[in-house]
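Please open the structure in a viewer and keep the selection tool at hand.

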Amino acid sequence: ENQLLPTELRREALALQKELEFDFDTPGGETPPAGATSSHDDEYRWAGVEPPKVMVTTSRDPSARLRLFAKELCLLLPGARRMNRGRAELGALVGACRAAGVTDLLLLHETRGRPDGLTVSHLPHGPTAHFTLSGAVLRQEVGGLGGAPLAAPHLLLLRLDSTLGKRVGTILKHLFPVPRPDSRRVVTFANEDDVILVRNHVYRRRGRTVELEEVGPRFQLRPYLIRLGTLEQGDAADVEWRWHPYTATAPKRRLLSAT
């Protein structure tokens, strides 16, 4: 306002000015609307500056099918690497990933040889999202496949427009690097009744028509827990959201979509 600083603040003016240098918005970002979360505490604030570094591992003593599914999940996520779990504890696992500069750790679970769980932990500080995984279909079970496409895909996030849906979409989309404009690969996360259908396609243009071919793998995800910490913190981390099935309105609610 072009006025002199109060006398009691003049000595601290330089120190206050240095503190204000760190109070800036995300490059290219916009001021959030009223009631929206600021980007200052956003864990994905600098995502996209460099490609994500994803590590995929399994629970201990995995079955052959779970190991094969982990391998195909690495084909779905460009640049992802698979690590044998062995006897490593979660703390040592997360510590090794932090030291190697890993941005996201994916942990697959199974029951009697069927993949049934996926945990996505964003490093170094979180969040950690827990999903129920179902309907896993491997690439050779889709049929009629050629070589696995390795290009970074374009992403379609369908009907993930509620506050929780956008949060889950943010966690999932930042597992993928930024695609090139001429990429012919599309990965779809489509919400149907709070179940996220994951599909992997390639497309070709034939004149005015477009041919779509599914290349797999395919599976469904359903979130049930989001914690603000990392994987090894467990119950010590704060719960951001938890699915509560035992309520009177549970069959009627739509959590991931606004309608």
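This is a predicted model: local features need pLDDT of at least 70, side-chain atom pairs count only at pLDDT 80 or more; totals for chains, interfaces and linings use all residues.

What covers the buried residues of α4? The cover includes β1 (54-58) and β3 (104-111). Residues are numbered from 1 along each chain as its sequence is written, and side-chain values use heavy atoms, with hydrogens and water left out.

**The whole chain**

Display the protein as a cartoon: six helices and eleven strands are present. Helices (H or I, at least four residues) and strands (E, at least two) are DSSP runs, numbered from the N terminus. Of the 259 residues, 38% are buried; buried means under 20% relative accessible area, exposed over 50%, and partly exposed in between (1.4 Å probe, protein chains only). Among contacts (heavy atoms within 4.5 Å) with a separation of 6 or more, 62% are between residues 24 or more positions apart.

**Helix α4**

Select residues 90-99, which form helix α4. Leu93, Val94 and Cys97 are buried here. They lie on the same side of α4 because they cover an arc of only 90 degrees around the axis, the arc being that of the directions from the helix axis to the C-beta atoms. Ala92 and Ala99, on the other side of α4, are exposed. Just after the helix, select glycine 101, whose phi is positive, at about 75 degrees.

The structure holds zero disulfides (pairs of cysteine sulfur atoms within 2.5 Å).

**The strands around β8**

Now select β8, residues 195-206. Two strands pair if DSSP finds at least two bridges between them. Which strand do eight bridges join to β8? That strand is β7 (residues 185-192), and the two run antiparallel. Valine 187 stands opposite asparagine 200 in β8. Two residues separate the strands in this hairpin, where aspartate 193 takes a positive phi near 55 degrees.

Move on to β9 (residues 209-214), which pairs with β8 in the antiparallel sense over six bridges. In β9, glutamate 213 is the bridge partner of valine 202. The hairpin of β8 and β9 also has two residues between the strands, and glycine 207 there has a positive phi near 70 degrees.

Finally, select β10 (residues 218-227), joined to β8 by three bridges in an antiparallel arrangement. Glutamine 220 in β10 is the bridge partner of leucine 197.
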